[in-house]
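Colleague: I would like to go through this chain before setting anything up. Please take my questions one at a time.

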Amino acid sequence: MESEELLWKRLKDLAEKCYRSNVYTFSSFLSMAELDFFYRMKKELSHVDYTLFGGHEDSERQMIRFGSEEMLGYTEEFPIVCIEAAPILQKFADELTHRDFLGALMNLGIERTTLGDIIIYENTGYIFCTAVIAPFILDSLEQVKHTHIKCRIAEAPQEVTEPEIEVRKIQASSERIDGVVAKVCQLSRGDSLELFRQKKIFLNGIQFENNSILLKPEDVITVRGFGKFTYMGFDSISKKGKKNIIINMRRR
């Protein structure tokens, strides 16, 4: 992540250009930490409308589009393309991971800021990227690990953009976020606290270090390295006085 000072200057310049010139402006793809910084500073840009999107509804890395139809009088889509990168011969392909695809793209000299989410489904990578870098990826990305691949612009299948939801029930003494995270991720309370210290916990997209906050139904918690889930509340109390909590775990 670039320094907060540089990120703020870049976002402020985009917002001001939109406001002064009556045109849409777009940020690069931002990480969750960068989006958290934007959320904390957005009050200073309250005079400019904005929308966030990353190519699909459950995207982690997102662009900011400054401007709106109400503000500018017209619409403009996000300059995001989805590239399907599939092994030419699945039978002989390596088992490919997110890290494999990201490494192959970085080896081409591509900036991370031009890339959104990379989702793997049935050993095929779906790469969300800027419209500007898409032609280069289509021409240059020919191999991931030892596997030769072919690239094309394609709509990501529903299974990619709409993750499977697994309903789980856990028991916790309270609705405190640290206790729920510990149960969901099968960690000790101490290990759960360490995740907060390492700034790996995001609540509704905002980075959280306060481990004692009480969750509310529909809160979305992202734990870097463990996944994302929605807190749905509790439906009963156990005989030992613990709450039977329901969560919706996102799985791909």
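Modeller: The secondary structure of the chain comes to eight helices and 14 strands. Keep in mind that this is a predicted model.

Colleague: What are the spans of the C-alpha trace along its principal axes?

Modeller: The chain has 252 residues, and 46% of them count as buried. Its C-alpha trace spans, along the principal axes, about 60 × 55 × 30 Å.

Colleague: Of the contacts with a separation of 6 or more, what share comes from residues 24 or more positions apart?

Modeller: Contact here means heavy atoms within 4.5 Å. Among contacts in the chain with a separation of 6 or more, the share from residues 24 or more positions apart is 59%.

Colleague: How far apart are the mean positions of the positive and negative charges?

Modeller: The chain carries 34 positive and 38 negative charges. The distance between their mean positions is 7 Å.

Colleague: Which elements do the buried residues of helix 7 pack against?

Modeller: Helix 7 covers residues 177-184, and seven of its eight residues are buried. These are Ile 177, Asp 178, Gly 179, Val 180, Val 181, Ala 182 and Val 184. They pack against strand 9 (164-172), helix 8 (189-197), strand 10 (201-203), strand 12 (219-223), strand 13 (227-237) and strand 14 (243-251).

Colleague: Which residue with a positive phi follows helix 7?

Modeller: Helix 7 ends at residue 184. The phi of the residue in question is near 55°, and that residue is Gln 186.

Colleague: Is Asn 123 buried or exposed?

Modeller: Asn 123 lies in the loop between strand 5 and strand 6 (124-130). Its phi is positive, about 65°, although Asn 123 is not a glycine. The relative accessible area of Asn 123 is 17%, and the cut-off for that class is under 20%, so Asn 123 is buried.

Colleague: And Asn 22, how does it count by accessibility?

Modeller: Asn 22 sits in the loop between helix 1 (4-21) and strand 1 (25-26). Asn 22 is not a glycine either, yet has a positive phi of about 55°. Because its relative accessibility is 46%, Asn 22 counts as partly exposed.

Colleague: How many salt bridges are there by the rule used?

Modeller: The rule asks for a side-chain nitrogen of Lys or Arg within 4 Å of a carboxyl oxygen of Asp or Glu. By this rule the count is 14.

Colleague: How far is the C-alpha atom of Lys 243 from that of Ile 119?

Modeller: Ile 119 belongs to strand 5 (residues 115-121) and is buried, at 6% relative accessible area. Along the chain, Ile 119 and Lys 243 are 124 residues apart. Their C-alpha atoms are separated by 35 Å.

Colleague: In which helix do Arg 197 and Glu 194 lie?

Modeller: Their side chains meet in a salt bridge of 3.2 Å, N to O. Arg 197 counts as exposed at 55% relative accessibility, whereas Glu 194 is partly exposed at 33%. The two are three residues apart, about one turn of the helix, and both lie in helix 8.

Colleague: What is the closest N to O distance between Glu 166 and Arg 168?

Modeller: Glu 166 is partly exposed, with a relative accessible area of 28%. Glu 166 forms a salt bridge with Arg 168, and the closest N and O atoms are apart by 3.4 Å.

Colleague: Which residues form the negative surface patch?

Modeller: One of its members lies in the loop between helix 6 (158-161) and strand 9, namely Glu 162. Glu 162 is partly exposed, with 48% relative accessible area. The patch is formed by Glu 57, Glu 122, Glu 159 and Glu 162.

Definitions and conventions:
Residues are numbered from 1 along each chain as its sequence is written. This is a predicted model: local features need pLDDT of at least 70, side-chain atom pairs count only at pLDDT 80 or more; totals for chains, interfaces and linings use all residues. Side-chain values use heavy atoms; hydrogens and water are left out. Buried means under 20% relative accessible area, exposed over 50%, partly exposed in between (1.4 Å probe, protein chains only). Helices (H or I, at least four residues) and strands (E, at least two) are DSSP runs, numbered from the N terminus. Patches are made of residues with over 30% relative accessible area and no salt bridge: like charges are joined within 9 Å, nonpolar side chains (Val, Leu, Ile, Met, Phe, Trp, Tyr) within 5 Å. Accessible areas come from the Shrake-Rupley method with a 1.4 Å probe; for residues, only the protein chains shown count as cover. Lys and Arg count as positive and Asp and Glu as negative; His and the chain ends are not counted. The place of a charge is taken as NZ of Lys, CZ of Arg, CG of Asp or CD of Glu.
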